[in-house]
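Some notes on the model follow, as numbered points.

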Amino acid sequence: KNDLNLLYKGLLLPRIAHSEESLQYLENFQVKDDDVFAVTYPKSGTTWMQELLPPLLNGGDLTSVQTVPNWDRVPWLEETRAAALLDKMSSPRAIVSHMPYHFMPATFFKSKAKVIYIARNPKDVAVSSFHFHKMANFLADPGTFEDFIDGFLFGKNVFGKWTDHVKSWRNPELGDRILYITYEEMLEDLQSVLSRMLTFLGREISAEALDHVVSIGTFKNMKNNKMSNYSLVPEDLMDKKKTQFLRKGVSGDWKNHFSPKLDAKFTAVIQEEMKETNIRFPWD
Ligand code: PPS
C-alpha cells in the first residue's frame, strides 16, 4: 500500500502522478507574472476550472476544451507531466495545483501571478474522495466510510488535511492576488462566478462567448466531453464500472453517507481546527 504514495516534506502524494523529479521541477519552477493558478484541495472543483479557465483567458475560444485532455490543457504544477507541458505553453498560462501555500515555488512569492482558490464543503469533498479512492486503482483501498473519514480528518489521506490546506491559502501576504470562490457558488450561479473571475483576471469576453463557457461548464456537458470526463484513462487505472469521475456534481451528497454520529464528530473536528481563524463558509 505504501508503494502507492510518496512522502514529500510531510505531505503524502500519489506516486501515479508525482515523483522526486516532478517535485524538484515544482521547486525550481519559474512563475510568470501573468500565470493564473487555480488551487484546490482535491475534489473541490479542479476539473471544472480546467474547463473554464482556457476560454476566459483566450477570448472565449473553446478549441482546447474540445481537443485537449484536461490534464494537458491546464496542467498540475506538481505532477510528472508538468515539465513537458508548462515550458512550452503560451502565456497567459492556466495551471492547477493541489499544493498547500508554503509548497509553492520560490518565484511564486515574488511574482504577481494570480490565484483562484476554490473551496468545497469538506463533507462533500470527503464523499467525492471516498468514491474516487474506490475507482482509482492507484490509490489505497479506502476501507469503510468511517475509516476513510478518520484518515481525512486526521491527515492520513493523500494531500493531508483539508483544514491545513484551506488555512494555508488564507495568507494575507497574497493581498488582492487571490480570489476565493466556492464550488457551491459555482453550482448556484456559474455565470456570476465567471464574471467575478473575469473582473479579477482583468479580462473581457463577449456576452455570447460567456454564455458558451457557461454551457460547456454544465455538469451534463462536461460528462459528455471526452476531453474532460476521464474516459480516456484506461479501465485498469480507473474502474468506471464502480463510479464515474464526474460522479454526481451536487452539493449535500454527504447527507446520504454520514450517520448522525459521524456527522457530529466531523463537524466538531473541523470547527475546532477552524475556530482560531476568521474563515467562514456558506455551509458552516
Ligand atoms: S480532482 O481529482 O481533484 O481533480 O477532482 P476535482 O475535479 O477537483 O473534483 C471532482 C468533483 O467535482 C465535480 N465536478 C462538477 N460538479 C458540478 N458541475 C461540474 N461542471 C463539475 N465538474 C466536476 C465532480 O463530479 C466531482 O464531485 P462528485 O461529488 O464526486 O460528483
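1. Helices are DSSP runs of H or I with at least four residues, numbered from the N terminus. H2 gives the most to the shell around the ligand, namely 3 residues. At least two residues each come from helix H2 (46–57), helix H10 (183–188) and helix H13 (219–224).

2. The model is predicted: local features need pLDDT of at least 70 and side-chain atom pairs pLDDT 80 or more, while totals for chains, interfaces and linings use all residues. Residues are numbered from 1 along each chain as its sequence is written, and side-chain values use heavy atoms, without hydrogens and water.

3. Around the ligand there are 22 residues (a heavy atom within 4 Å). Thr46, Thr47, Ser128, Tyr183 and Lys248 come nearest.

4. Polar contacts are pairs of N or O atoms within 3.5 Å. A side-chain N or O atom of Tyr183 is 2.7 Å from a ligand nitrogen, and a polar side-chain atom of Trp48 is 3.1 Å from a ligand nitrogen. At Gly45 a polar backbone atom lies 3.0 Å from a ligand oxygen. The protein covers 97% of the 650 Å² of accessible area that the ligand has on its own (Shrake-Rupley, 1.4 Å probe).

5. Glu78 sits in the loop between helix H4 (70–73) and helix H5 (82–86). Glu78 is buried (under 20% relative accessible area, 1.4 Å probe, protein chains only). It has no salt bridge (a Lys or Arg side-chain nitrogen within 4 Å of an Asp or Glu carboxyl oxygen); Lys43, the nearest side chain of opposite charge, is 13 Å away.

6. Leaving aside neighbours within four places in sequence, Glu78 is in contact with residues including His18, Leu26, His98 and Met99 (heavy atoms within 4.5 Å).

Methods. Buried means under 20% relative accessible area, exposed over 50%, partly exposed in between (1.4 Å probe, protein chains only). Lys and Arg count as positive and Asp and Glu as negative; His and the chain ends are not counted. A polar contact is a pair of N or O atoms within 3.5 Å; within protein, one must be able to donate a hydrogen and the other to accept it, and residues adjacent in sequence count only if both atoms are side-chain atoms.
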